[in-house]
Amino acid sequence: LVEEDNNYEAKPKLHRHLTLQELSGNPPIGTLYCPSPLLPVYDRVLNDFGLPPRKIPRTIHVSMKSRCVPPDIFEALTTWKDYFPFHSFYFHDDQAAD
């Protein structure tokens with residue numbers, strides 16, 4: 001994409017990169033309603049301050065149709081969060097992909 005000024009010179013348009021939090025569309029905790037028996041999944045965003053540096057980020061991405069998931073999937077995702085306590089967890093649903 002280019003942007004033209006009054007001198008008719010083409011300049012590249014500058015775009016701000018969205019953060020992972022913005023891309024995942026994480027709602028505030030406690031605000032997502034899911035019909036029974038589905039359960040809501042929220043992101044967990046951590047920083048790496050105080051941890052040794054790594055080449056591979058401590059980030060887990062999960063993608064499903066909706067943030068409302070069946071209890072067995074919710075339990076599996078909770079297990080991952082428990083097993084990887086120093087990893088950020090981003091959930092991407094169809095709404096976040098649009």
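## Aromatic pair

In this predicted model, the count of aromatic pairs comes to one. The pair is formed by Y83 and F84 and is edge-to-face, with 4.8 Å from centre to centre and 85° between the planes.

Y83 is exposed, with a relative accessible area of 64%, whereas F84 is partly exposed, with a value of 30%.

## Nonpolar core

The largest nonpolar core consists of seven residues, namely V41, I60, V62, V69, L77, F89 and F91. Two strands, β4 (59–63) and β6 (88–92), each supply at least two residues of this core.

V62 is a member of the core. When its neighbours within four places in sequence are left aside, V62 is in contact with L77, W80, F89, Y90, F91 and H92.

## A buried histidine

H87 is located in the loop between α2 (71–83) and β6. Its relative accessible area is 15%, and because buried means under 20%, H87 counts as buried.

Which residues are in contact with H87, leaving aside its neighbours within four places in sequence? They are R44, L46, R54, R58, T59 and I60. Among them, I60 also belongs to the largest nonpolar core.

## Salt bridges

Side chains of opposite charge can pair when their charged atoms come close. The structure holds two salt bridges. One joins D43 to R67, with the closest N and O atoms 3.2 Å apart. This pair links distant parts of the chain, 24 residues apart: D43 is in the loop between β3 (39–40) and β4, and R67 is in the loop between β4 and β5 (68–69). Both partners are buried, D43 at 7% relative accessibility and R67 at 4%.

In another salt bridge, the side chains of K65 and D94 meet at 3.1 Å, N to O. K65 lies in the loop between β4 and β5 and D94 in helix α3 (residues 94–97), so this pair ties together parts that are 29 residues apart in sequence. K65 is exposed, with a relative accessible area of 65%, while D94 is partly exposed at 36%.

## Nonpolar surface patch

L18, L20 and L23 make a nonpolar surface patch of about 240 Å². One of these residues, L18, lies in the loop between β2 (10–12) and α1 (20–24). L18 counts as partly exposed, at 47% relative accessibility.

Definitions and conventions
Residues numbered from 1 in each chain as written. Predicted model: local features only at pLDDT ≥ 70, side-chain atom pairs only at ≥ 80, totals over all residues. Heavy atoms only, no water. Core = buried A, V, L, I, M, F, W, Y, C linked by side-chain atoms within 4.5 Å. Buried < 20%, exposed > 50% of the residue type's maximum accessible area, 1.4 Å probe, protein only. Helix = DSSP H or I, 4+ residues; strand = E, 2+ residues; numbered from the N terminus. Contact = heavy atoms within 4.5 Å. Phe/Tyr/Trp six-rings, centres within 6.5 Å; stacked < 30°, edge-to-face > 60°. Patch = residues over 30% accessible without salt bridge, like charges linked within 9 Å, V, L, I, M, F, W, Y side chains within 5 Å. Areas by Shrake-Rupley, 256 points an atom, 1.4 Å probe, with all protein chains shown as cover. Salt bridge = Lys/Arg side-chain N within 4 Å of Asp/Glu carboxyl O.
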